[in-house]
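Please read the following briefing alongside the sequence and the coordinates.

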Amino acid sequence: MPNRPSWTELKLTLDVPANENTIVIDTETTGIDREKDEVLSLAIVDLDGNELFYSLIRPTTRKRWPKAQEVHGIAWADVKDKPTISDLADEIMGIIESSNCIIGYNVGFDIDVLENSGLPRIEKRRYDLMERYAQCYGRYSEKTGDYAWCKLSRLASKYRYRYEEHNALEDAKATAHCFKRFRAACESEWPRAEEERREHVLKIKKAEAIKEIKEREAAELSALDEKIDPVRAEIDKNKANIEERTKSEATSGVLSAVLLLLICLTFSWPIVPFVLTAFAVPSIAWLLVSAVSKSESTRKLPGLEARIKLLENEREEIEEKYREEKREARKKLGGDALKSKRNDESA
């Protein structure tokens, strides 16, 4: 098959009542303009192909339709003495109103032409076999952005049904036969599509459940990060201070040592020791200040790092809690899906 029909496409077909209240229609017309052309013949059958209505119909606005005549062979001479659509409206609408669904091959065109030819507006549910078959088994065209439609004659041939083309009654019977065969094919595809739909729904539920858990996890971790970030910043600040003070101590220590050495060497020169001492004292004082600051930062670090360790442990606990919650959610949804499948099988 060119493609596999989805659950939705199959359901559109399987929801059509396969009973005597479902009718099949077909028309032959003066052309393909649904707003200007008129009906030349109309056929209505039930799903078994039994004739409910068939008549040639006289158009009221034209007497020639050469292009359409080449297709279906209906000429003015064939319909000039036939009733108009208005003459037959009560009988046609009586059949339509007693139905619950109208099937056709390009049924929208048939109904539009019937209404534009003089029938009252038809409000019944419609089912277009041409469109539904294309959506289920037609090949998709990138050029048109749609699925390729199949001619009724080709579909009838696929389902081994022979008939006279472009005759409203024969086309309606062919459409009824093809619908029943197509519906049977849809029924055989249904278990596969139902299983795929169940799996798809499960994936969506899992994704939604996991998303909700992740959102709660993110919120809790974000609140924890608000506690961790200031502590990390304080640790980084103290480490940077220790590093900076260590470098300063090295520089100031060398400078102080040099100055003290010079003081000793120049002690016999009265003025020089005083000048050098003036430089040495601030350097030594800076050494003391750096040592105190470094000591304070060094004292704080263990407590801050212990605090970070506790917070990181708390983070790991939160992450593990939510991992377990995700596992439980997946397990529960899987169990629910299996239970649903068993219920469907036993129903």
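**Start of helix α6**

At the start of α6, the backbone nitrogen of Met 130 has a side-chain oxygen of Asp 128 within 3.0 Å. The model is predicted, so local features need pLDDT of at least 70 and side-chain atom pairs count only at pLDDT 80 or more, while totals for chains, interfaces and linings use all residues. Residues are numbered from 1 along each chain as its sequence is written, and side-chain values use heavy atoms, with hydrogens and water left out. Helices (H or I, at least four residues) and strands (E, at least two) are DSSP runs, numbered from the N terminus.

**Helix α6 and its cover**

- α6 is mostly covered, with 7 of its 9 residues buried, where buried means under 20% relative accessible area, exposed over 50% and partly exposed in between (1.4 Å probe, protein chains only).
- The buried residues of α6 are Leu 129, Met 130, Arg 132, Tyr 133, Ala 134, Cys 136 and Tyr 137.

**Thr 13 and Tyr 127**

- Thr 13 lies in helix α1 and is buried, with a relative accessible area of 0%.
- The side chains of Thr 13 and Tyr 127 are joined by a polar contact of 2.6 Å; such a contact is a pair of N or O atoms within 3.5 Å, of which, within protein, one must be able to donate a hydrogen and the other to accept it, and residues adjacent in sequence count only if both atoms are side-chain atoms.
- Not counting residues up to four places away in sequence, Thr 13 touches Tyr 127, Arg 132, Phe 179, Phe 182, Arg 183 and Cys 186, contact being defined as heavy atoms within 4.5 Å.
- Leaving aside its neighbours within four places in sequence, Tyr 127 has contacts that include Leu 12, Val 16, Ile 103, Val 107 and Phe 182.

**Nonpolar cores**

- The largest nonpolar core has 32 residues, and those with the most contacts inside it are Ile 103, Tyr 127, Leu 129, Leu 155 and Phe 182; a core of this kind is a set of buried Ala, Val, Leu, Ile, Met, Phe, Trp, Tyr and Cys residues joined through side-chain atoms within 4.5 Å.
- Two or more residues of this core are given by each of α1 (7-14), β2 (39-46), β4 (101-104), α6 (129-137), α7 (152-158) and α8 (168-265), and the largest share, 10 residues, comes from α8.
- Apart from this core lies another one, of 22 residues, among them Ala 89, Ile 102, Ile 111 and Leu 119.

**The open sheet**

- An open sheet of 5 strands has the order β3-β2-β1-β4-β5, with mixed pairing; two strands pair if DSSP finds at least two bridges between them.
- β3 and β5 (126-128) stand at the edges, each with a single partner strand, so one side of each is left without a neighbour in the sheet.
- β2 and β3 (residues 51-56) pair in the antiparallel sense over 5 bridges, and Ser 41 has Leu 56 in β3 as its bridge partner.
- The hairpin formed by β2 and β3 has 4 residues between the strands, and Gly 49 in the turn has a positive phi of about 85°.
- β4 and β5 run parallel and are joined by 3 bridges, with Asp 128 in β5 as the bridge partner of Gly 104.

**The chain as a whole**

- The chain has 9 helices and 7 strands, and buried residues make up 39% of its 347 residues.
- Of the contacts in the chain with a separation of 6 or more, 69% are between residues 24 or more positions apart.
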